[in-house]
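Here is a short briefing on one protein. Keep the sequence and the 3D view open as you read.

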Amino acid sequence: MSFLRLTLLIIIISPYLTLGYVNGQVPGHYTPGSNSSALNIADYDKLIKRYRYFKPDSAVYFANMALAQARKEHNNKGIATMLNQLGMIEDNRGEFDSSRKKYLAALAIHKKTGNAVGEAAVIVRLGVIEMRKGNYDKAIGYFLQSLKVSERSKNNFGRMEAYLTLAEGYLGQHKLQTALTYINIAEQINKTLPFSNLSLNIYNTFGVIYNELGAPAKAKAYLEKGIMLSDEPQYQGLNITLINNLAKVYNKEGNKAKSVELQKAALLKSRAIKNYLRELQTLTGLADTYGAGNTKEALYYFRQALDLVREKGARKQEIEILGRLSELYKFQKDYKTALLMKEEQNRLADSLFYKAMAKQVVSLQAEYQLYKSTAKIRDLKQLNSKQKMQRNFYIGLAAAFLLIMLIVGYYFYRTRKLNRLLNTANTDLQESNKVKDKLFSVLAHDLRAPFASVIDLLFLLDDDELEGEEKAMLIKRLTAASNVSLETLNMLLKWGEMQLKGIRLNSMIVQPRPIVERTINLITETADKKMIRLINKVSDEMSVMVDPNHFEFVVRNLLSNAVKFTTSGGSVQINADTDLDNGKILFSVSDSGVGIGANRLPYVFDIGNESTKGTNNETGTSLGLVICKEFIELNQGKIWVESKLNQGSVFYFSLPVFNSKHANIPNKPISKGSKEKHGHTHN
């Protein structure tokens, strides 16, 4: 760049620096276009590289300005360059999905315009994303593809970068000899090219490989050479990385003091140039150097790293650092803080997971709405064409007034029918959304939370120095969390199968008393723990027409719920009365529990109902009552509930009565359970 052009550039960008770009802020009164015409894409590229690491928001602002200018000028190379820059900024933030989309868009432009150099460079960036995600096989595939493009276009710089990244990919897989082979090839090509930042990357990679191979002298030689050559303003980021890797060599040799000295110098440099990534790299390196031998210092630097990533909004790095902090607190036997760090890590990981899931759901919904809108427009066009033809035809028959009236009436009827169909479709769609929302709710709250609790408890149990009483307490909590997870999963699978395959009905003559007895025996242990009395007042003489599996599920669910929401010392009773006038048997499950509030009472059988905890903090899902309602209605019955807060609840359900006197089907008795068991009353 000429002196005159450099002077012009400084004059143009100085207002941005004064008005806030030094602090990463966008000047509020700046209007794109007032001075932007004096900058070309190369000028913007320099600005973006300057701000990319320590003020990424300013870099994004300049990149978007340049992108708009390039599109206005139909400058394909400029568009691809800015997309690549935006991708690198998002890549550095850990926003890999968004970054990948930018790179793919840039790649498509390079392929379309036949820019093999740009194509090879972007393919390398796609590989770097996979390497940062730990997908080394995919990364190596991209690097080999980039090498092929560079060799075809005789691009030696691209070939050197491909061999360098191949070495880094195999280094990540700990295939050191293969990595050494590729980095040697990159070094040979480097000798034929002018010095560049890739030259420094080669020295750095040599240093890391030789350190891993246990050859500290060779590692130091390459790293010290790289440090010497990178002591220039434009290479300060790489200079810090080289110093940090040299510190690792000294630390591995046992010279911790030298390692700490180098890393503290690197920390000062990274803060001086405001390079966030290098500062984070150095802080975590210092924490690792101190490690378990000096947990106080290690925690000190990890805390600084945590503050840094929170300030920058780097959520994925925050998750990693929280995990490292949890390990250190656990080593100190500060289990309370260790668990808090682990829970915070899980909470943050869940929030990122559901944020990504929400984006996918929104994208799918948008695609569905677009498809629906397109189909509707097509149908309307066809309908409009048809109406035009019919209108032209009936204009010629104006004299036939009666016929026209009949046609108008016919179309009025069709419109009303179409409206009814649309209302029905909307209702079905709303119900489908409720099913989807309930599924996500159960997965997010009732299933993922117990599994996260199990993992956290296993994390704490993995300590040989836990006291017997502490270990017994943790095992008890682990068992409870596992049982809740299994119960929720079973309920979810059953409900899901019903939604997909429908409900199978196998009605037969059933005596309800033995099934009730068997169910009571299954929940006796749970009732005993809360000193709850279970009373069976179902007669031996009754018979109903019902699917026995459906009946047993309903009885078990209602009795279990009654026990869950009844306080210690209370009672739960199941009755059955015959209503021959209506041909039904009316069952009731009553309890002396906490009852249900009037605001929740109308929705207890709805898919959107939220589950609540029992009197002893028992957990579950609201799917049980939803399935009960579907089973009872399929068996020609009804189910409802009456309840008041603090006065208990009564769940009623009716089923068709079976009178053996008026049937040719033999009434085969089912074996009956004992009438007195575990101190409970069965009348």
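Helices here are DSSP runs of H or I with at least four residues, and they are numbered from the N terminus. By that count, Glu-130 sits in helix H6, which covers residues 116-132. The model is predicted. The protein has 22 helices and nine strands.

**The whole protein**

- Of the 683 residues in the protein, 43% are buried.
- The protein exposes about 37300 Å². Carbon and sulfur atoms supply 55% of that area.
- Take the contacts between residues at least 6 apart in sequence: 65% of them join residues at least 24 apart.

- Glu-130 is buried but has no salt bridge.
- Which side chain of opposite charge is nearest to Glu-130? That is Lys-133, 4.0 Å away.
- Set aside the neighbours within four places in sequence. Glu-130 is then in contact with Arg-100, Asn-135, Lys-138, Ala-139 and Tyr-142.

- In soluble globular proteins, nonpolar side chains tend to be buried together.
- The largest nonpolar core in this protein has 44 residues.
- Which residues have the most contacts inside this core? They are Phe-143, Tyr-163, Leu-166, Ile-183, Ala-186, Ile-202 and Phe-206.
- Several helices each supply at least two residues of this core, among them H6, H7 (136-152), H8 (156-172) and H10 (197-212). H13 (256-272) is also one of these helices.
- Look at Ile-202, leaving aside its neighbours within four places in sequence. Ile-202 is in contact with Met-160, Leu-164, Ile-183, Ala-186, Glu-187 and Asn-190.
- A second, separate core has 39 residues, including Ile-515, Phe-553, Ile-585 and Phe-631.

**Strand S5 and its partners**

- Why is strand S5 (residues 584-591) described as largely enclosed by the rest of the structure? Because six of its eight residues are buried.
- Strand S4 (residues 571-579) pairs with S5 in the antiparallel sense, over eight bridges. Gln-573 has Ser-590 in S5 as its bridge partner.
- S4 and S5 form a hairpin, with four residues between them. In the turn, Gly-583 has a positive phi of about 65 degrees.
- S5 also runs antiparallel to strand S7 (residues 649-656), and seven bridges join the two. Leu-586 has Ser-654 in S7 as its bridge partner.

Definitions and conventions:
Residues are numbered from 1 along each chain as its sequence is written. This is a predicted model: local features need pLDDT of at least 70, side-chain atom pairs count only at pLDDT 80 or more; totals for chains, interfaces and linings use all residues. Side-chain values use heavy atoms; hydrogens and water are left out. Buried means under 20% relative accessible area, exposed over 50%, partly exposed in between (1.4 Å probe, protein chains only). Lys and Arg count as positive and Asp and Glu as negative; His and the chain ends are not counted. Contact means heavy atoms within 4.5 Å. Two strands pair if DSSP finds at least two bridges between them. Accessible areas come from the Shrake-Rupley method with a 1.4 Å probe; for residues, only the protein chains shown count as cover. A nonpolar core is a set of buried Ala, Val, Leu, Ile, Met, Phe, Trp, Tyr and Cys residues joined through side-chain atoms within 4.5 Å.
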